[in-house]
Amino acid sequence: MSRSLPRPLADLPLRRLTRHDLVPCADLSEDRGWPRDEHRWGLLLAASTVYGIDDPESKGLMATCVATTYGTRTTAIGMLLVAGRYARQGVGRYVMRQVIESTGGVPLSLYATEAGRPLYEALGFLAVGRTERVSGPFRPVAEPGRPGMTDDPGTASGAGPTVRPASAGDLQALLRLDADAFGLDRTHLLVRLPAFADHLRVAEEDGKLVGYAALWPSSESHVIGPLLARDTATAKLLVTSLAAATDRPLRADIDARHEELLAWFRDCGLECGPATTVMSLGRPERPGDWTRCFAPLSLATG
């Protein structure tokens, strides 16, 4: 049931949340019909700036918003959530204006749901891309004529890359690969990836990393992301290797320009779900090389 704001928005301070706010953040996700995902919130609270407004009438939160900064080049915005009881009263707009002001003019990016897009457009964000969500049980399909495949899913022998679990010695090469493909330094986030992900795989050829992918838990599924690879064939190897490591359904948010990979996911039994719009404020286009960036970390939408 909706209720009126207990006081003017200007009298409701936006504060930086800490790890002690993890449960209220998860409660707010659940209130909006999202998975609680305390695991994801733990990473966001550690690696990003998470803002919130306390609900004066309860011990919970009225709203949240996450800002993940990548140096001075861009800040990613996400998890703009407003408690259902305070919906449609300008709270989301108020929070976004406060967060935009706090970033000091740094270009901003976000993944907008259909419901959130009108707000971001009103604030000046422009659509610069789109992602397609795929989800469901993964059923590998044979690819006739594919050389070098072994009986171990996701691993190639002979010509082409091999896929294996990542090790501590791969970290620096992984960071270089990511920065080159993504166009930003994401070290502060990716150094937490080995502890956050249930499985982390790298693809290499002739001793050089040519891709990597992570698998992390969310509710009853496993999420694939990030997924970076030199080409679609390598991306498929990484996904197949990760899929073999779990009995849970998979979920991934794939850059819509990767039509071949999306078609392959559908062939493997995954279904298309809601799309999100990639939006930007202060930057006319997305950084990095999209041909190698197949899926983001998928931590935050709004």
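E57 has a relative accessibility of 45%, so E57 counts as partly exposed (buried means under 20% relative accessible area, exposed over 50%, partly exposed in between, with a 1.4 Å probe and protein chains only). This is a predicted model, in which local features need pLDDT of at least 70 and side-chain atom pairs count only at pLDDT 80 or more, while totals for chains, interfaces and linings use all residues. Residues are numbered from 1 along each chain as its sequence is written, and side-chain values use heavy atoms, with hydrogens and water left out.

**Around E57**

- You will find E57 in the loop between strand 2 and strand 3; helices (H or I, at least four residues) and strands (E, at least two) are DSSP runs numbered from the N terminus.
- Leaving aside residues up to four places away in sequence, E57 touches R3, P6 and Y86, where contact means heavy atoms within 4.5 Å.
- From E57 to T234, 177 residues apart along the chain, the C-alpha atoms are separated by 52 Å.

**Confidence**

- The average pLDDT of the chain is 90, and 92% of the residues score at least 70; pLDDT is the predictor's confidence in each residue, from 0 to 100.
- Residues 147-157 have a pLDDT below 50, and this stretch has 19 contacts in the model beyond near neighbours in sequence.
- Where pLDDT is low, the predicted coordinates should not be read in detail.

**Helix 3**

- Helix 3 covers residues 91-102, and its 12 residues reach 17 Å from first C-alpha to last, close to the 16 Å expected at 1.5 Å a residue (the expected span is 1.5 Å times one less than the number of residues).
- V91, G92, Y94, V95, M96 and V99 are the buried residues of helix 3.
- Those buried residues pack against strand 2 (49-54), strand 3 (61-70), strand 4 (74-82) and helix 4 (117-122).
- After helix 3 comes G104, with a positive phi near 65°.

**Nonpolar cores**

- The largest nonpolar core has 39 residues, and W41, I77, V91, V95, M96, Y120 and F125 have the most contacts inside it; such a core is a set of buried Ala, Val, Leu, Ile, Met, Phe, Trp, Tyr and Cys residues joined through side-chain atoms within 4.5 Å.
- Among the elements that each supply at least two residues of this core are helix 1 (22-31), helix 2 (38-47) and strand 5 (108-112).
- Strand 3 gives the most to this core, with 6 residues.
- Another core lies apart from it, with 27 residues that include A203, I224, L237 and A243.

**The largest pocket**

- The volume of the largest pocket is about 680 Å³.
- Its lining has 39 residues, with S109, Y111, F182, R286 and P296 nearest the centre of the pocket.
- Elements giving two or more residues to this lining include strand 6 (126-136), helix 5 (171-182), strand 12 (271-281) and strand 13 (293-295).
- Strand 5 gives the most to the lining, with 4 residues.
- On a 1 Å grid over the protein atoms alone, a pocket is an open set of points where a 1.4 Å probe fits, with protein on both sides within 12 Å along at least five of seven lines, and lining residues have an atom within 4 Å of a point; the volume is the space filled by probe spheres set on the points, which are joined across faces, edges and corners.

**Backbone details**

- D37 has a positive phi near 45°, sits in the loop between helix 1 and helix 2, and is buried at a relative accessible area of 7%.
- S219 has a positive phi near 55°, lies in the loop between strand 9 (208-218) and strand 10, and is partly exposed at 47% relative accessible area.
- The peptide bond from G225 to P226 is cis, with omega near 0°, and P226 is in strand 10 (residues 221-229).
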